Amino acid sequence: MIGQGIYLTMLTGPTVPAPAPPWLLESLESVEVTHSDKGRSGFQVIFQAGRSGPADAVDFALLRSQLFKAFNRIVITITLKGVPRVLMDGIITQQELAPGTEAGSSRLTLTGEDVSLMMDREEKSEEHPAQDETVIAKKIILSYAQYGLIPVVIPPFLLDPPLPIERIPTQQGTDLDYLQDMAKRYAYVFYVTPGPVPLANTAYWGPPIREKVPQRALTVDMGSATNVDSINFRNNSLAPTLVSGKIQDRHTNQSQPVRSFTSTRVPLSREPALLANAPYVKRSQFRQCGLNTMQASARAQGMTDASVDDVVTATGDLNVIRYGDLLKPRRPVGLRGVGFQYDGLYYVKKVTHRITREEYKQNFTISREGTGSTTPVVPV
């Protein structure tokens with residue numbers, strides 16, 4: 001049990017892990033899990049590694065159990081207010097043992113990453129004839145069914161299905177690299193999130209999710225309603241970028257203009273920096289080739305969309321017990337109590353869970369494309 005009504009459970013073992021024995025959970029000291037909208041999620045679990053009986057004279061009990069071998073799977077679930085949430089479904093990649101000179105001072109530290117790690121273990125040279133990015137993404141994700149991957153693939157607004165007589169998409173690299181490279185063409189993201197139930201994972205390939213109902217508000221300096229311990233803001237007015245240039249359409253062999261005018265992201269701020277600083281916005285040349293006009297337009301727009309994602313960034317610490325819920329990454333959230341310029345809705349880019357027997361805190365990073373709130377109130 002952690003704090004008030006918060007419980008942690010753990011599964012560990014090979015491909016299909018089993019519940020961890022009680023003696024193992026009793027030695028658990030701390031858990032840290034990080035989820036980000038870019039790149040793999042990671043975890044670090046620390047156990048007290050004592051040696052007390054005749055059997056321990058041979059080796060530490062935690063090591064003799066073989067539960068924490070490299071590439072074993074580990075599933076961590078948090079139950080809050082009676083509702084279980086899968087916090088991490090990952091693969092153990094590193095083991096650190098620090099023997100102590102006093103009783104109870106030895107520590108075993110396990111480090112690992114989410115199951116998308118297994119998509120990054122083999123480089124391939126493979127063709128995907130007559131398949132666009134969405135078909136390829138679904139095909140690759142489904143090939144990892146043993147890790148419970150459920151594909152969620154969102155087609156881009158502009159998609160150019162390849163004709164085999166013109167071009168054949170070719171993969172050079174790991175499956176994870178190829179999924180992320182395809183996503184970058186449209187300012188999309190690819191990541192794997194644990195859940196919705198243990199041993200299942202959602203593999204998402206699509207735009208950052210900003211349209212869902214915002215999570216419970218982060219509250220600063222509002223008396224008993226306060227749930228944020230600290231927060232800091234950074235406003236980078238140099239980030240927004242417009243893209244323009246020309247492309248020689250590979251279908252017609254004619255020169256065609258390519259240009260982005262604004263971001264197509266769902267606005268979270270009242271004064272987006274791209275519009276507020278229009279005379280000073282950076283303007284980049286589009287220099288890619290071998291595309292048709294539709295593909296080039298989609299990629300130019302993707303470059304602009306990606307440039308505005310982190311104009312305003314805030315980092316802070318959240319008290320989970322006072323918040324009464326878990327802040328989820330890759331979703332919108334409301335913020336109140338810091339003034340009109342920085343109150344309002346944000347996109348949660350990164351969340352780190354820090355769990356001990358005494359407390360549960362989250363470190364977060366949130367961002368949006370400008371200043372000013374678009375709403376007079378946020379969900380509480």
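Buried means under 20% relative accessible area, exposed over 50%, and partly exposed in between, with a 1.4 Å probe and protein chains only. The model is predicted: local features need pLDDT of at least 70, side-chain atom pairs count only at pLDDT 80 or more, and totals for chains, interfaces and linings use all residues. Residues are numbered from 1 along each chain as its sequence is written, and side-chain values use heavy atoms, with hydrogens and water left out.

View 1. Phe71 has a positive phi of about 75° although it is not a glycine. Phe71 sits in the loop between helix H2 (61–64) and strand E5 (73–80). Helices (H or I, at least four residues) and strands (E, at least two) are DSSP runs, numbered from the N terminus. With a relative accessible area of 41%, Phe71 is partly exposed. Leu199, also not a glycine, has a positive phi near 75°. Its loop joins E11 and E12. Leu199 is partly exposed, at a relative accessible area of 30%.

**View 2. The cis peptide bond at Pro196.** The bond from Gly195 to Pro196 is cis, with omega near 15°. Pro196 belongs to the loop between E11 and strand E12 (201–206).

View 3. A cavity is a set of points, on a 1 Å grid over the protein atoms alone, where a 1.4 Å probe fits but cannot get out; lining residues have an atom within 4 Å of a point. Grid points are joined across faces, edges and corners, and a volume is the space filled by probe spheres set on the points. The count is 1 cavity of 30 Å³ or more. The largest cavity has a volume of about 40 Å³. Its lining comprises Gly39, Arg40, Asp114, Ser116, Leu176, Gln180, Phe190, Tyr191 and Val192. Helix H4 (175–184) and strand E11 (189–194) each supply at least two lining residues. E11 gives the largest share, 3 residues. By class, the lining has 4 nonpolar, 3 polar and 2 charged residues. Ala, Val, Leu, Ile, Met, Phe, Trp, Tyr, Cys and Pro count as nonpolar, Asp, Glu, Lys and Arg as charged, and the others, Gly among them, as polar.

**View 4. Ser41 and its surroundings.** Ser41 lies in the loop between strand E3 (28–36) and strand E4 (42–48). Ser41 is buried, with a relative accessible area of 1%. Its side chain makes a polar contact of 3.4 Å with that of Arg330. A polar contact is a pair of N or O atoms within 3.5 Å; within protein, one must be able to donate a hydrogen and the other to accept it, and residues adjacent in sequence count only if both atoms are side-chain atoms. Not counting residues up to four places away in sequence, Ser41 touches Thr34, His35, Ser36, Met88, Gly112, Glu113, Asp114 and Arg330. Contact means heavy atoms within 4.5 Å.

**View 5. Leu28 in strand E3.** Leu28 is part of E3. Its relative accessible area is 11%, so Leu28 is buried. Leaving aside neighbours within four places in sequence, Leu28 contacts Leu8, Met10, Val45, Ile46, Phe47 and Arg357.

**View 6. Helix H6 and its packing.** The buried residues of H6 include Gln295, Arg299 and Asp305. Those buried residues pack against strand E15 (241–248), strand E16 (255–259), helix H5 (273–276) and strand E18 (282–286).

Key
1 Å grid on protein atoms, 1.4 Å probe; cavity = no way out; pocket = protein on both sides within 12 Å on 5 of 7 lines; lining within 4 Å.
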